[in-house]
Amino acid sequence: MSRFRVSIDRTLCKQCMRCVTQCTFGAIEAWRPPEVPGEPRWHIQSIPRPKDSLCAGCLRCEFDCPFGAITVGLRPPSIRPNGHWSESSVSDIYQQAEHGKKLLSGSGSDSRLPAIWDRLLLDACQVTNPPIDPLREPMETVTFLGGRRDTPPVRLGFPVMFAAMSYGAVSLNVQKALVAAAARHGTLMNCGEGGLAHELREQSSSIVVQCASGRFGVDLDYLNAGAAVEIKVGQGAKPGIGGHLPGEKVTESIARTRMIPEGSDAISPAPHHDVYSIEDIRQLIYAVKEATGYSRPVGVKVAAVHNISSIASGLARAGADFISIDGFRGGTGAAPRTLRDNFGLPLELAIAAVDDRLRHDGLREDVTIIASGGIRSAADVLKAIALGADIAAVSTAALVALGCHLCQMCYTGKCAWGITTQRPDLVERLEPSEATERLSNLLGAWKMEMEEMLGALGINAIESLRSNRDRLRAVEISECALKVLGVAHAGA
């Protein structure tokens, strides 16, 4: 049952067949009409014909049609409207009854749970506390990753970095663009759990290298290559489970980078097999610090789950220089849909709870808090900092900047935009220098917006906003959630 309908305006279509070559899901085929008796055969040409059942809704055909002849829209509901049984629920049951498999999805959760960011409003200065004009006054947006204990800090030009996206989940061209844009703005990209490709080593000072349960590509050179090391324990999109890169996506280059055989499945176990307690994670943190000569921050990434504040306190006591909190809206290359939509915590509540607990335990100044999982704008970044984060990490927003249309079919490896694919013909669709410009533009625009918003708040340094929840007010949020957030309701 397709959610989309592809329409081709025959008065505009020139039958160039570009849509057929651009569609990676086979949703538009070159169809040759049957011969008409008495009509010469040479008159019969192939025409593009849509197959709605295969359409993923990636909109590549509509975007790339030179004649504007194609439109992709949502189909009218195909089941009787029902307040409890949505069309997607019925469609899921039909699919599982047909093939008996679990349902997968890429990107983050698209559930209709309200985004708390949208119900938080920032304060603005007026008379008694005047605003600051960022065009005339210097605004300080520099922040630091780690450096509050036994390792030196990493300086970031402003509190935004690119979240972990592994080589395998995304193409090498995407990683090249991410690291180039990060370097241009003095911030960082996280290479994810897929190891560090040889082509990126020259810019490794702008890269956080990740050590996940699969330990792909991890050796002494790898740990010492990046600006910081992140030990991945959990992920917001699929807390409690590991990862799986299908063998067909493990090309020769990815196999070399991950140090596994070409064509073999790359499976990350759910737990690290040497980590079953806070004491174990402490041993791993200090093993990495020893291996890197205490020359760079070592942190831990965890998913936002119900006891996240206690976990964060334990990680801080275990010696982590930074803690990445990944909310349930976090993106991924592939996740079981039932986990993606039913596990984890909203990032907003998790950040506030962690910040409170670390302050209560006298540990807040020992660690850097990175917020990730559905950050969409500069306003989301500032609200996360006001709730208690130091840095925001973005991934889906970066992919959208590269052309992603959130069709959530990343796990198929057929990404028509050349982002989450390893097929050479599709990878070439994303040109690294153009992608770098787009990412750089995004970061530059967010930085300007953040400076403008800080000015409106009457603040000239990002540090002054951290955990400053008095500059937030809430609208239509329950009393229970307000208590966790530590934010007053609008009008109070």
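Accessible areas come from the Shrake-Rupley method with a 1.4 Å probe, and for residues only the protein chains shown count as cover. This is a predicted model, in which local features need pLDDT of at least 70 and side-chain atom pairs count only at pLDDT 80 or more, while totals for chains, interfaces and linings use all residues. Residues are numbered from 1 along each chain as its sequence is written, and side-chain values use heavy atoms, with hydrogens and water left out.

**Figure 1. The whole protein.**
The accessible surface of the protein is about 22,200 Å². Carbon and sulfur atoms hold 54% of that surface. The protein has 15 helices and 21 strands. Helices (H or I, at least four residues) and strands (E, at least two) are DSSP runs, numbered from the N terminus. The C-alpha atoms fill a box of roughly 90 × 55 × 50 Å along the principal axes.

Of the 492 residues, 52% count as buried. Buried means under 20% relative accessible area, exposed means over 50%, and partly exposed lies in between (1.4 Å probe, protein chains only). Contact means heavy atoms within 4.5 Å. Among contacts between residues at least 6 apart in sequence, 69% join residues at least 24 apart. The protein has 52 positive and 54 negative charges, and their mean positions are 4 Å apart. Lys and Arg count as positive, Asp and Glu as negative; His and the chain ends are not counted. Each charge is placed at NZ of Lys, CZ of Arg, CG of Asp or CD of Glu.

**Figure 2. Ile325 and the nonpolar cores.**
A nonpolar core is a set of buried Ala, Val, Leu, Ile, Met, Phe, Trp, Tyr and Cys residues joined through side-chain atoms within 4.5 Å. The largest one has 122 residues, and Phe162 and Ile325 touch the most other members. Leaving aside neighbours within four places in sequence, the contacts of Ile325 include Val302, Ala304, Ile308, Leu347 and Ser372. A second, separate core has 13 residues, among them Ala163, Leu188, Val208 and Ala393.

**Figure 3. Gln175 in helix 4.**
Helix 4 spans residues 172-184 and contains Gln175. This residue has 0% relative accessibility, so it counts as buried. Residues up to four places away in sequence are not counted here. Gln175 then touches Met165, Ser166, Tyr167, Val170, Met189, Cys191 and Leu200.

**Figure 4. Helix 8 and its cover.**
Helix 8 covers residues 308-317, and seven of its ten residues are buried, so the rest of the structure largely encloses it. The buried residues are Ile308, Ser309, Ala312, Ser313, Gly314, Leu315 and Ala316. Their cover includes helix 7 (278-291), strand 15 (298-303), strand 16 (322-326) and helix 10. Just after helix 8, Gly319 has a positive phi of about 105°.

**Figure 5. Leu363 in a loop.**
Leu363 sits in the loop between helix 10 (347-360) and strand 18 (368-372). Its relative accessible area is 9%, so Leu363 is buried. Apart from neighbours within four places in sequence, Leu363 is in contact with Arg149, Ser313, Ala316, Arg317 and Leu358. Glu290 is 73 residues from Leu363 along the chain, and their C-alpha atoms are 23 Å apart.

**Figure 6. Helix 11 and the glycine after it.**
Helix 11 (residues 378-387) is mostly covered, with nine of its ten residues buried. Among them are Asp380, Lys383 and Leu387. Just after helix 11, Gly388 takes a positive phi of about 135°.

Met17 lies in the loop between strand 1 (4-8) and helix 1 (18-22). Its phi is near 70°, a positive value in a residue other than glycine. Met17 counts as buried, at 18% relative accessibility. Arg215 is found in the loop between strand 11 (207-211) and helix 5 (220-223). Arg215 is not a glycine either, and its phi is positive, near 55°. With a relative accessible area of 29%, Arg215 is partly exposed.
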